[in-house]
Amino acid sequence: SDLDVLPNPYRLRPFLGARVPVNTSYSPMINMHNPHSSTLQVLEMYTSDGDLHLELPSGDDEGLKQLWEIPPYETKTVMRANFIGRVVNNHTAFIRIKTNVEKDRKTDMLVLPVEIEVTNDGGLFSNLDTFDFGTLRTIDEPKTLQLQLLNTIVGHPIYVNKLEVEPPNEAVKIHFEPVQLTATQTPIPVA
């Protein structure tokens, strides 16, 4: 086979197990690490599915090639994957990433699997399946991630009275106040 599964020096994370309500979107960021001593250039990125779109992290349609240059030994957000859950089903897609790294005189092609369940079931949904802070050094500024929740059960408010980090980690601080979520079409920031 032409496909080799190898350890991931680029720290790319597959998007597996996301669950979203029908007619909503799932939009994780794609963070990529450069394990090399020279600048890593992302040359091309594309998807295998019409419902999975790629957008620049800024939301702009176009950008300079510097947006996809990753300095040596650094991690950078290079793209946002945006999946629109139009049809109730399990969806599988792939994100292919071409870089300036060559192996055996061929350009390396990285493949990220994406598996998303689109459901009609009511429930409580999160905008993120995992909080990825990347690799932070003691000299780095603190990084903030926002948790948004969506209640899709009409007529049944959900009271969220506690959030916890699993496994516990003293370096992670949660700014949260208990909240009652009624059914809405858009996620509500809670922490």
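Thr-119 lies in strand S9, which covers residues 106–119; strands are DSSP runs of E with at least two residues, helices are runs of H or I with at least four, and both are numbered from the N terminus. The model is predicted, so local features need pLDDT of at least 70 and side-chain atom pairs count only at pLDDT 80 or more, while totals for chains, interfaces and linings use all residues. Residues are numbered from 1 along each chain as its sequence is written, and side-chain values use heavy atoms, with hydrogens and water left out.

With a relative accessible area of 5%, Thr-119 is buried. The classes are buried (under 20% relative accessible area), exposed (over 50%) and partly exposed (in between), with a 1.4 Å probe and protein chains only. Leaving aside neighbours within four places in sequence, Thr-119 is in contact with Arg-19, Val-20, Pro-21, Val-22, Val-88 and Phe-125; contact means heavy atoms within 4.5 Å. The Thr-119 side chain also reaches the backbone nitrogen of Asp-121 at 2.9 Å.

Asp-121 is placed in the loop between S9 and S10. Its relative accessibility is 45%, so Asp-121 counts as partly exposed. Not counting residues up to four places away in sequence, Asp-121 touches Arg-19 and Thr-152. With Arg-19 there is a side-chain to side-chain polar contact at 3.5 Å. A polar contact is a pair of N or O atoms within 3.5 Å; within protein, one must be able to donate a hydrogen and the other to accept it, and residues adjacent in sequence count only if both atoms are side-chain atoms. Asp-121 and Val-88 are 33 residues apart in sequence, and their C-alpha atoms are 9.7 Å apart in space.

**Strands and sheets**

The protein chain has 0 helices and 14 strands. Two strands pair if DSSP finds at least two bridges between them. An open sheet of 5 strands has the order S1-S9-S8-S4-S6, with mixed pairing. Its edge strands are S1 (15–21) and S6 (69–70), each pairing on one side only.

An open sheet of 3 strands has the order S10-S11-S14 and antiparallel pairing. S10 (124–126) and S14 (188–189) are at its edges with a single partner strand each, so one side of each has no neighbour in the sheet.

Strand S3 (residues 29–33) has 4 of its 5 residues buried, so S3 is largely enclosed by the rest of the structure.

| Strand | Partner strand | Bridges |
|---|---|---|
| S8 (residues 89–103) | S9 | 12 bridges |
| S3 | S7 (residues 75–84) | 5 bridges |
| S10 | S11 (residues 148–151) | 3 bridges |

Ile-95 has Leu-112 in S9 as its bridge partner, His-33 stands opposite Thr-75 in S7, and Ser-126 stands opposite Leu-149 in S11.

**The whole chain**

The C-alpha trace spans about 60 × 40 × 30 Å along its principal axes. Buried residues account for 27% of the 191 residues. Of the contacts between residues at least 6 apart in sequence, 67% join residues at least 24 apart. The chain exposes about 12600 Å², of which carbon and sulfur atoms supply 50%; accessible areas come from the Shrake-Rupley method with a 1.4 Å probe, and for residues only the protein chains shown count as cover.
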